[in-house]
Amino acid sequence: MGSSYQSKITMRVWRCLHPFVVASCMFLGLCGAEEDSGMENIVTEKKAEESHRQDSADLLIFILLLTLTILTIWLFKHRRFRFLHETGLAMIYGLLVGVVLRYGIHVPSGMGNVTLSCNVNASPATLLVNVSGKFYEYTLKGEIGASEINDIKDNEMLRKVTFDPEVFFNILLPPIIFHAGYSLKRRHFFRNLGSIIAYAFVGTVVSCFIIGSLMYACVTLMKKIGPMGGDFFFTDCLFFGAIVSATDPVTVLAIFNELNVDNDLYALLFGESVLNDAVAVVLSSSIVAYQPRGDNSHTFEAMAMLKSFGIFLGVFSGSFALGVATGVVTALVTKFTKLRDLPLLETALFFLMSWSTFLLAEACGFTGVVAVLFCGMTQAHYTFNNLSPESQDRTKQLFELLNFLAENFIFSYMGLTLFTFQNHVFNPIFIVCAFLAVFLGRAANIYPLSFLLNLGRRHKITSNFQHMMMFAGLRGAMTFALSIRDTATYARKMMFSTTLLVVFFTVWICGGGTTQMLSFQKIRVGVDTDVSVQIGPDGVERRSTKQESVWLFRIWYTFDHNYLKPLLTHSGPPLTATLPACCGTLARCLTSPHAYENEEQLKDDDSDLILNDGDITLTYADITVSTDASGAHTSGTQVGVNSDDALDRELTFGDHELVIRGTRLVLPMDDSEPPLSLDSHRQRHKNETMS
């Protein structure tokens, strides 16, 4: 009775308290969930803060490396020590920091790593993991070996200082390539255009196939000696040949510039290195695109090879057209707007249009290196003339600074990567064969082509020049960027590790020995930039301002002055004088008012440069001055001068304006040369005539 009564009271109390108990439990559950969520947010914020600090420390390391490099460069230049260039210094400092990071500093990760096993057929790029009903996203970094798991767990800094390869292509490479085209000394470049194209296109392809064939023989030998850690096909060897065929003689050219080495040698080396970077990029992309039909994608098939060749031509021509088009658009914008009244906005637009050329080409499936190179050349030839004086100085200094910082950053990172990259594959046989193949590939590029080119050149490429070009075939930023872009497979890892050693050797040994090589080959230094010294058969020096020219350039020269320069710049003859009469309205709309003003100013002058059927005569009042083949000056009645002499004379004038039957000719081939006044021309020829 008592117990029954007690149970009834308990049931009544429970019924009364049940809603409150349930509510309390739910509240406690919610509090627990909110507490877990709060703890997770705290952990996430702490992780983000630690990551931010780590990223700042990594960038600080590179800034300190560049600062130390600059101070050491100043010391070397002050002491006139040329054996080690700034690129070699940056690599050494990167090596030292890499050693410290690899063996001296260990930063354990804040979160524990848990290794779980699951059976999947392929590695997904993005992985969604369900942990207690919550989904977490993980991205694929790449395959690692079982022995490298502890390294991943123990040191997070090594992974942090390993940059995404796209950083090099989209941020660091564009200013380097653009500066090469924008600062190009077009006068000497175009005079040796035929030889430069032969070395850059034919020579790079020959070097690629020779290196690829030799390395395939090496890989075949390695397979017979013992098992390899992965597949290595002939296409991989060709890819290696393409990336190491990109020369970057930045060290040699810097020393050439300081010592004023022969202009022809400088132009050949610089022009080849500029163009063959672009060729190597497109060639490597074409080799990757080689896909025969069938199960084995590495067998030879004629149709697949023709398709790759078509891709090479299509990508190169498309990138070229895109780069030139961007330069033309920038020239038109700067011509038909008044941006020059606001130099800061003008410089900003020029910078953004130039950089966007690279990204636009990459986004369209072309090659940004080719596009931004020819964009730089177009900008220098046309857009530069439309800029205000302040913007001209700013753009030159801006891209020179960006080129210096980006190049030294890359070389510093090369030294750092030798110790911080955790997937190196060093094979002694492959490394030795690679050095031998690079040497033979360079020799097959220089000596046979030089022999063939000398058959058609007036000024021969002498044997000491050929030896110097052979010695100056350094590998640098482009080779490194192409090799680090893909290190997923065993073959690519081995190629990347070997490429690093090739770059180190060529920069330190070949770049450092440039001065000694110049002395050994008895190549003249301190040569005037406007005068080339030629050694005749009798051993007598002959000075001449005539450079190598090609018929294609002469045709382009005339077309450029009569139509493109007036259309894209404020210079040149008015289009009303060069276009047919039916285009009069269009010509008046497209011609700058400055062209008419300059034309009227020059018409009153008694100095004329007359062009008749390819013969040019320079007339001053009653005296006609001409130049014969030996460079001697004559005077008297009207005597013709061949078009090569006229081209050379105008190229020598730099930015100076000439007159052809009342029509202005403008060709700013060398921005560093001061314009010569007409009075100075008269006085010079008067002295020569009297003598």
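A polar contact is a pair of N or O atoms within 3.5 Å, where within protein one atom must be able to donate a hydrogen and the other to accept it, and where residues adjacent in sequence count only if both atoms are side-chain atoms. The model shown is predicted, so local features need pLDDT of at least 70 and side-chain atom pairs count only at pLDDT 80 or more, while totals for chains, interfaces and linings use all residues. Residues are numbered from 1 along each chain as its sequence is written, and side-chain values use heavy atoms, with hydrogens and water left out.

**View 1. Helix 10 and its N-terminal cap.** Asp 262 caps the N-terminal end of helix 10, with a side-chain oxygen 2.9 Å from the backbone nitrogen of Asp 264. Helices (H or I, at least four residues) and strands (E, at least two) are DSSP runs, numbered from the N terminus. Helix 10 has 26 residues and reaches 37 Å from its first C-alpha to its last, close to the 38 Å expected at 1.5 Å a residue, the expected span being 1.5 Å times one less than the number of residues.

View 2. Arg 442 forms a salt bridge with Glu 272, and their closest N and O atoms are 2.7 Å apart. The pair links distant parts of the chain, with Arg 442 in helix 15 (residues 428-454) and Glu 272 in helix 10 (residues 263-288), 170 residues apart. Both Arg 442 and Glu 272 are buried. The structure holds five salt bridges, each defined as a side-chain nitrogen of Lys or Arg within 4 Å of a carboxyl oxygen of Asp or Glu.

View 3. The side chains of Glu 49 and Arg 53 meet in a salt bridge with an N to O distance of 2.8 Å. Both residues lie in helix 1 (residues 2-78), four residues apart, which is about one turn of the helix. Glu 49 is partly exposed, with a relative accessible area of 42%, whereas Arg 53 is exposed at 57%.

**View 4. The surroundings of Arg 485.** Glu 362 and Arg 485 meet through their side chains in a salt bridge (4.0 Å, N to O). Glu 362 lies in helix 12 (residues 343-363) and Arg 485 in the loop between helix 17 (477-484) and helix 18 (490-512), so the pair ties together parts that are 123 residues apart in sequence. Salt bridges that share partners join Glu 166, Glu 362 and Arg 485 into one network. Pro 165, in helix 5 (residues 165-182), is buried at 19% relative accessible area. Pro 165 touches Ile 484 and Arg 485, not counting residues up to four places away in sequence, where contact means heavy atoms within 4.5 Å.

**View 5. The loop residue Lys 522.** Lys 522 has a positive phi of about 55° although it is not a glycine. This residue is found in the loop between helix 19 (514-520) and strand 3 (532-535), and Lys 522 is exposed, with a relative accessible area of 73%.

How values were computed. Buried < 20%, exposed > 50% of the residue type's maximum accessible area, 1.4 Å probe, protein only.
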